[in-house]
Amino acid sequence: MSEIPAPEVAVDIDPAAKEQAFAHDVERNLICRQARYPDIATQHDWFMALAYTVRDRMLANWAGSMQTYSARDIKVACYLSAEFLIGPQLGNSLLNLGLESEAREAMRSLGQNLDELLAVEEEPGLGNGGLGRLAACYLDSLATLQIPAIGYGIRYEFGIFDQALRDGWQVEVTDKWLQKGNPWEIVRPDVSYYVSFGGHTQCTTDEAGRLRVQWHHTGQVKGVACDMPMQGYRVNTCNVLRLWKSEAVESFDFQDFNAGKYYEAVEMKVVSETLSKVLYPNDEPDAGKRLRLAQQYFFVSCSLQDMLRLSDAKGLPVERFADLFAAQLNDTHPSIAVAELMRLLLDERGLSWDVAWNITQRALAYTNHTLLPEALETWGLPLFQSLLPRPLEIIYEINRRFLDDVRRIYPGDDARVMRMSFIDEAGDRKVRMAHLATVGSHAVNGVAALHSDLLRQTVLRDFAEMFPERFLNVTNGVTPRRFLMLSNPALARLLDDTLGTDWRHDLARLDALAAHADSPALHDAWRKVRHDNKAALAVRIHATTGIEVNPGALFDIQVKRIHEYKRQHLNALYIISLWRRLSRNPDLDLPSRCFIFGGKAAPGYAMAKLIIRLITGIAETVNDDPAIGGRIKVVFYPDFNVKNGHAIYPAADLSEQISTAGKEASGTGNMKFMINGALTIGTLDGANVEIREEAGAENFFLFGLTAAQVDELKRSDYRPADYVRNDDTLRDALDQIAEGRFSRGDRDMFRPLLDNLMQSDPFLVLADFADYVRCQERVNEAWRDKEQWTRMSIMNTARSGKFSSDRAIAEYAERIWATRPVRIDHARS
Ligand code: 26Q
């Protein structure tokens with residue numbers, strides 16, 4: 001990434017003068033925007049005043065960037081995603097602008113502490129987990145690599161719920177991120193579009209005798225743009241995240257009342273006002289909600305209309321659309337874009353089918369994030385028909401033409417036609433959104449090498465056979481700004497001291513650290529940084545849970561959404577076995593371990609909630625057991641989110657990445673841990689495969705069945721009870737659960753979990769248990785040798801360069817979008 005210029009160093013202005021000017025701006029904002037004088041201002045008022053001051057510093061970059069992008073010959077990458085889990089913005093914006101120390105001193109002069117103000121910010125929880133956070137990392141990299149880009153999504157009023165624990169159970173608390181206002185947001189009432197729903201279509205012919213279709217909708221919703229600046233790291237580029245807020249259209253359609261469609265019309269009004277209200281959780285058993293489909297169409301339609309308007313503003317004919325925009329579909333959630341772009345080009349712009357189809361395919365590309373059949377998005381036809389009759393008609397026509405091609409290429413293969421059709425005819429008829437996205441795009445990618453291979457071999461096999469050149473892999477990445485420089489400043493400084501600062505602009509440069517992996521001076525400094533991070537997390541753990549943990553213990557961490565395929569319960573079973581060994585033999589020489597869990601369960605996912613209850617139950621029993629002398633601690637850290645992640649990733653010795661092989665598309669937490677020097681215990685799943693390749697097998701704890709073995713075992717007659725019968729340790733651990741040891745004597749509480757494991761064990765927890773325990777023994781051995789462990793930790797950071805989202809975005813730009821960096825030559829104020 002050699003094109004990236006070095007940080008701008010302002011040598012011409014006296015730092016004290018800049019701090020003074022900064023403090024002056026904060027004070028002015030406090031008065032003019034918060035309407036508060038300093039002596040009565042709350043910490044939140046100061047936070048707002050500071051945030052506005054920082055925002056103003058970005059706006060000049062923003063205006064410069066937008067002006068540059070309006071040029072005719074500049075191509076813009078548009079990232080369409082139902083989720084952007086951007087995290088708190090103040091610290092990251094200061095870091096990227098290079099204003100941290102200036103702001104710190106300025107706030108000190110105003111009697112305020114920057115760290116306390118950073119802690120005040122509520123994070124916008126506009127995503128569930130990995131997919132939403134990935135979108136946010138990609139926006140950071142796009143701006144940093146100076147690639148013109150817009151993120152398009154939904155401005156949910158309520159993001160992902162906050163998690164609290166009551167009696168060891170998860171309870172969901174409404175997210176209130178907007179309650180005190182969002183200082184980063186700029187609402188643009190002038191940038192708004194109408195989106196139609198319901199009704200029916202009608203064929204007509206225009207003056208030229210061409211067939212035209214009119215959509216007589218039953219109602220429209222207005223989408224209003226709410227923008228947030230996305231500032232690149234030490235560059236002038238400031239891109240935009242444009243989120244759509246839904247509003248009722250001013251002129252409510254009273255004709256519908258007269259036509260006797262009172263309830264339909266009222267329903268449309270209700271829908272319009274609630275469309276962007278709330279983020280849907282994943283893993284909900286009944287995710288096929290009408291409102292969810294309406295949300296997807298709403299934001300996709302607004303975004304495409306916005307892109308068309310921008311292309312008009314460039315003064316270019318709509319035929320050039322795909323030269324001006326590359327739109328990436330983040331999973332199938334925005335895949336209705338295929339039909340909607342066709343509709344806009346056909347019905348609104350009057351293009352022919354072939355021209356419109358060519359533009360659509362050239363403009364769109366699709367990223368798949370899951371192989372789990374139950375997670376592949378489908379929508380029932382009656383729902384689709386009643387909500388989006390015109391887009392459905394277009395989907396049918398795309399499907400008809402596509403299946404004609406299939407029949408031409410594979411004559412007589414009716415089974416293949418059925419498999420590839422956009423319409424699943426088995427049972428209730430459904431639209432398969434992954435098929436629509438695949439056919440409507442010029443590129444389809446998975447998110448890790450293994451995942452992309454499996455995608456080609458399983459769910460999209462027929463498509464990969466038909467268009468092999470369309471399929472590629474782009475392994476995920478995470479931003480080193482937020483997940484190293486911002487959240488682990490002490491490690492970042494140590495890296496500067498050891499290597500210089502080049503790594504800050506090209507994470508692959510961390511490779512040079514390998515040459516220092518045996519340096520005693522580096523070892524000492526490395527251990528001190530890690531110890532301090534652990535001590536800081538210990539303080540937070542104590543403050544939030546009341547549990548005391550020893551920073552000298554091995555910090556063994558599993559943070560991610562709670563799901564059976566991620567197998568938090570495998571980890572739990574190991575903890576129980578360890579606890580039993582120690583209670584039976586208190587003199588056993590085993591290292592102290594602190595097991596830390598974090599993650600939300602979807603509100604309707606009973607098994608995931610039970611797994612949380614098991615972990616809190618184990619914590620309750622084990623933490624206070626005098627027999628083991630505090631050598632095992634178990635913590636469930638509530639409300640895992642981006643902000644809490646800042647304190648957690650840098651404090652991990654061991655990163656748990658133990659999903660059933662073939663189930664985790666990539667994982668990105670695994671990368672955040674690695675960059676921060678944690679060692680991974682993991683299966684050959686998702687990006688773990690590449691993490692191990694990069695780190696070296698000797699610096700990774702591998703266990704478990706491979707994806708191929710998982711497949712084979714599931715095809716044969718897998719009998720989980722056999723594993724229990726043959727393994728005393730496993731049987732004992734399960735017995736402890738059954739006996740109520742972690743449920744205050746209640747023998748029924750965990751019955752559904754135990755029955756599930758014994759009877760079907762869909763994620764092969766029991767089959768992988770013995771190897772997992774053996775692998776954990778290897779971890780214990782490695783931990784005893786402090787030098788060796790430190791060396792392995794250093795090697796993990798050294799080899800983490802590949803997992804920067806800058807590398808991932810450079811690949812998208814080069815291989816999919818054909819976008820180029822554009823320097824913003826604009827003097828920052
Ligand atoms: C779909 C329909 C209705 C309601 C909700 C949803 C929905 C919402 C969010 C379905 C899925 C998601 C999120 C999926 C997700 O986070 N997937 C993860 O993506 C990461 C980034 O690529 C990968 O690293 C993870 O492996 C993958 O699980």
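**Entry: helix 22 and helix 23.** I started by asking how these two helices lie to each other. The model is a predicted one, and in it the axes of helix 22 (residues 568-584) and helix 23 (residues 606-623) come within 10 Å and cross at roughly 20 degrees. Angles under 35 degrees count as roughly parallel, so helix 22 and helix 23 get that label. I noted the hand too: helix 22 passes helix 23 in a left-handed crossing.

Next I listed who meets whom. From helix 22 I got Q568, H569, A572, I575, I576 and W579, and across from them in helix 23 sit I611, L614, I615, I618, T621 and V622. Sorted by class, this contact has nine nonpolar residues, three polar ones and no charged ones.

**Entry: strand 19.** I moved on to strand 19 (residues 632-636), where I found five of five residues buried. Which residues sit on which side? I632, V634 and F636 are on one side, K633 and V635 on the other, and all are buried.

Strand 18 (residues 593-598) runs parallel to strand 19, with five bridges between them. R593 is the residue opposite I632 of strand 19.

**Entry: helix 20 and helix 21.** What angle do these two make? Their axes, for helix 20 (residues 489-499) and helix 21 (residues 520-545), cross at roughly 165 degrees and come within 9 Å. Helix 20 is therefore roughly antiparallel to helix 21. I wrote down a right-handed crossing for helix 20 passing helix 21.

On the helix 20 side, the contact uses A490, L491, L494, L495 and T498; helix 21 brings L522, A525, W526 and V529. I sorted the residues of this contact of helix 20 with helix 21 as eight nonpolar, one polar and no charged.

**Entry: helix 11 and helix 12.** Another helix pair went on the page. Helix 11 (residues 337-348) and helix 12 (residues 353-363) have axes that come within 9 Å and cross at roughly 140 degrees. Roughly antiparallel would need an angle over 145 degrees, so I put helix 11 and helix 12 down as oblique to each other. The crossing of helix 11 past helix 12 is right-handed.

Helix 11 puts V338, L341, M342, L345 and L346 into the contact, and helix 12 answers with W353, A356, W357, I359, T360 and A363. My class tally for helix 11 with helix 12 came to 10 nonpolar, one polar and no charged.

Entry: In what order do the strands run? I read off 5-8-9-2-1-10-11-15-16 for an open sheet of nine strands with mixed pairing. Strand 5 (186-197) and strand 16 (471-473) are the edges, each pairing on one side only. On average, neighbouring strands of this sheet are turned by 25 degrees against each other, ignoring direction.

I then looked at what packs on the sheet. Helix 6 (residues 130-144) touches strand 1, strand 2 (149-154), strand 8 (219-231), strand 9 (238-248) and strand 10, and its direction makes about 55 degrees with that of strand 8. Helix 9 (residues 290-313) lies across strands including strand 1, strand 2 and strand 5, and runs at about 115 degrees to strand 5.

Inside the sheet, strand 1 (residues 76-80) and strand 10 (residues 325-330) are parallel and share five bridges. I picked out A77, whose bridge partner in strand 10 is A326.

**Entry: strand 15.** I stayed with the sheet for strand 15 (residues 443-446). A443 and N445 on one side and V444 and G446 on the other are all buried. Strand 11 (residues 364-367) runs parallel to strand 15 and is joined to it by three bridges, and T367 has N445 as its bridge partner. Three bridges also join strand 15 to strand 16, again in parallel, with G446 opposite N473.

**Entry: Y718.** My last stop was a loop residue: Y718, between helix 27 (707-715) and helix 28 (720-725). Is Y718 buried or exposed? Its relative accessible area is 13%, so Y718 is buried. What is it in contact with, apart from neighbours within four places in sequence? I listed L713, Y723, S760, D761, L764, L766 and A767 for Y718.

Conventions: Residues numbered from 1 in each chain as written. Predicted model: local features only at pLDDT ≥ 70, side-chain atom pairs only at ≥ 80, totals over all residues. Heavy atoms only, no water. Pairing = 2+ DSSP bridges. Helix = DSSP H or I, 4+ residues; strand = E, 2+ residues; numbered from the N terminus. Axes fitted to C-alpha atoms, helices over the stretch in contact; angles between N-to-C directions. Contact = heavy atoms within 4.5 Å. Parallel < 35°, antiparallel > 145°, perpendicular 65-115°, else oblique. Left-handed = near helix turned anticlockwise from the far one by under 90°. Nonpolar A, V, L, I, M, F, W, Y, C, P; charged D, E, K, R; others polar. Buried < 20%, exposed > 50% of the residue type's maximum accessible area, 1.4 Å probe, protein only.
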